[in-house]
Amino acid sequence: MKTKTLSSKKSDTLFSLFLDLPAFLLLAGFIVVPIIDSVVKSFQTFGIKNIITKKPGVWNNFANYLYLFKTDDFFGATVHTFSFVLGVVVVQFILAILLALILNSNIKGARFMRSIMMTPWVVPTVISALIWMWLFQPQYGLLKYLVSVVSFGRISDFAILNNPSTALTGVGIAALWKQIPLMTLLLLAGLQNVPQDISEAAMIDGAGKFRRFFSIILPYLSPVIKVSVSMSIIENFKQFPLFWTMTGGGPNNATTTLAVLSYREAFVGMNLGSGAAVTTLWMLMMIVVIFGYNKLFRVQEM
Amino acid sequence: MKNTMKSDSKIFSFFKYVALVGILLFLLFPLYWVLITAFKTNMEAYRYPPTFYPRVPVLDSFISLFRENNQFFVYYKNNIIVSSVVALLCCVIAIFSGYSLARFKNQWNKWFFALLLASQMFPVISRMISLYSIMGKLGIINTLGGLSLALLAAQAPFCIILMSSFFAGIPKEIEEAAYVDGAGRWRILFSIVTPLVKSGLVAVGIYAFLMTWDDYLHAATLIQADGKRTLSVGIALRYLGELSYDWSLVNTISIVGTIPVVMLFFFFQKYMIKGLVAGAVKG
């Protein structure tokens with residue numbers, strides 16, 4: 001061992017492969033194989049019977065997919081998922097960048113505010129669902145009271161989660177609450193890398209606040225924006241516990257997203273094959289969205 | 001001219017404070033609401049219009065949680081066990097692979113890095129549909145060990161990337177000097193390089209702990225026995241009845257279930273904030 005040099009290529013490679021081995025085995029066993037297996041299962045009749053008798057699934061000529069396209073559920077779930085992702089990501093970005101810019105300006109107590117504003121991010125997802133369910137509670141909830149005060153008593157039975165046209169927004173508010181802190185933190189870190197002197201030079205040249213924001217700060221911030229927005233897209237695309245706890249997909253399927261639909265098919269209906277068909281299409285959509293997003297961003301980058 | 005500019009910036013600064021107060025209220029008021037509800041009697045919690053501070057602060061729901069509804073602490077204990085095991089193992093794996101990714105730029109590691117990025121994208125439910133039967137066949141379904149392994153795989157990719165960004169900041173000359181002194185590869189890794197990235201290791205450990213503490217889907221599908229359930233699933237199944245919500249109790253559970261992670265985060269927040277930024281921006 002001592003006769004070889006440290007940079008000996010072959011022994012370097014062997015050592016690094018050895019170091020990667022535990023993680024590789026883990027990922028292969030618990031991520032790669034299961035993903036491939038679930039795609040395979042999406043083409044099979046595979047239910048609770050197969051699990052009990054340990055029999056493999058049987059190829060069923062795309063029956064799972066045909067079944068999905070026959071009912072409205074899949075189409076509805078796709079629409080709900082996309083509107084949820086779009087709505088939450090856009091509002092989240094606007095509020096987060098606003099908060100980050102404010103905390104980055106010379107404001108008293110910015111460090112303290114930065115640290116306490118992180119609390120919602122730490123609160124477990126199911127517990128944040130409980131917190132918002134209590135605020136939204138249809139009989140004694142705070143929101144019902146606030147809405148009735150603001151509307152001078154005209155709307156006295158506001159129950160955001162019980163109305164099919166507002167339920168998705170209700171879950172979205174809980175998602176925003178939990179996710180705004182992390183995005184603000186990342187954007188704030190990005191803002192601190194914007195060179196101060198350029199911004200000051202522009203100010204002397206007479207560039208206004210908005211001008212400076214769009215032509216100096218935003219370009220410098222774009223790598224951080226790209227990463228934090230794509231993290232948020234992925235997270236909201238995958239969101240499940242908030243829906244399952246707060247609405248269970250209701251009322252009247254108004255909050256049934258792809259996550260809820262696939263879970264319901266696979267683990268409530270115990271039809272794992274058709275659940276897998278939902279997740280397979282869901283993964284494809286996610287890959288398309290992320291690739292499209294990356295392409296779009298690459299074009300805009302300077 | 002100068003006057004209009006000044007009044008402009010006054011209006012601007014007014015809106016700045018309105019926005020700041022509005023957003024912070026949105027983020028922090030719900031926490032206050034949970035806190036006061038937990039100290040209300042159920043009679044007061046169900047009063048409408050609601051009271052904005054507990055008229056008669058009581059510990060009833062805390063006592064009821066400890067005395068009668070203490071199945072909660074079984075879930076709590078399981079959650080602590082699983083999160084600690086995952087956090088520890090995650091640190092070990094992140095040292096191994098994070099070091100490898102940062103030091104050795106070969107073809108294999110390029111592919112390995114791509115795998116790490118891609119594996120964070122797939123929906124958990126998709127994995128669970130398959131793991132449910134695979135782990136059933138292997139006999140590790142419904143065990144805390146099996147659950148920990150599945151969760152470890154879910155947390156490892158981000159942790160490895162995070163750790164490698166810390167390793168990348170250590171100059172290679174340090175290792176070369178140690179090598180000249182006759183230290184082997186493992187000695188260099190464990191007794192020379194790893195101590196230099198302690199802060200990264202703390203960030204990785206806490207991150208893995210927080211994310212595992214938050215898990216719902218893995219436990220919901222891989223655990224069936226009530227005595228082995230973890231926090232999120234246990235709460236959702238036991239304390240959220242269709243008709244009878246005991247809201248003071250639910251709010252108490254929210255507090256007790258959040259305290260460990262909030263304390264952990266604030267105690268180590270210096271490392272966490274640095275780590276989150278490094279890990280996210282690199283990945």
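Analyst: H7(A) passes H13(B) in a left-handed crossing, a term used when the near helix is turned anticlockwise from the far one by less than a right angle, right-handed being the clockwise case. This is a predicted model, in which local features need pLDDT of at least 70 and side-chain atom pairs count only at pLDDT 80 or more, while totals for chains, interfaces and linings use all residues. Residues are numbered from 1 along each chain as its sequence is written, with chains lettered from A and ligands numbered from 1 in the order in which they are written.

The two helices are H7 (residues 125-135) of chain A and H13 (residues 247-267) of chain B, whose axes come within 10 Å and cross at roughly 145 degrees; helices (H or I, at least four residues) are DSSP runs numbered from the N terminus, and axes are lines fitted to C-alpha atoms over the stretch in contact, with angles running from 0 to 180 degrees between N-to-C directions. From H7(A), the residues A:Ile127, A:Leu130, A:Ile131 and A:Trp134 meet B:Trp247, B:Val250, B:Asn251, B:Ser254, B:Gly257 and B:Thr258 of H13(B), contact being C-beta atoms, placed from the backbone, within 7 Å. By class, the residues of this contact are six nonpolar, four polar and no charged, where Ala, Val, Leu, Ile, Met, Phe, Trp, Tyr, Cys and Pro count as nonpolar, Asp, Glu, Lys and Arg as charged, and the others, Gly among them, as polar.

Between the chains as a whole, 80 residues of chain B are in contact with 78 residues of chain A. On the chain B side, helix H1 (residues 2-38) gives the most, with 14 residues, and the classes there are 54 nonpolar, 19 polar and seven charged.

Terms used. Contact = placed C-beta atoms within 7 Å.
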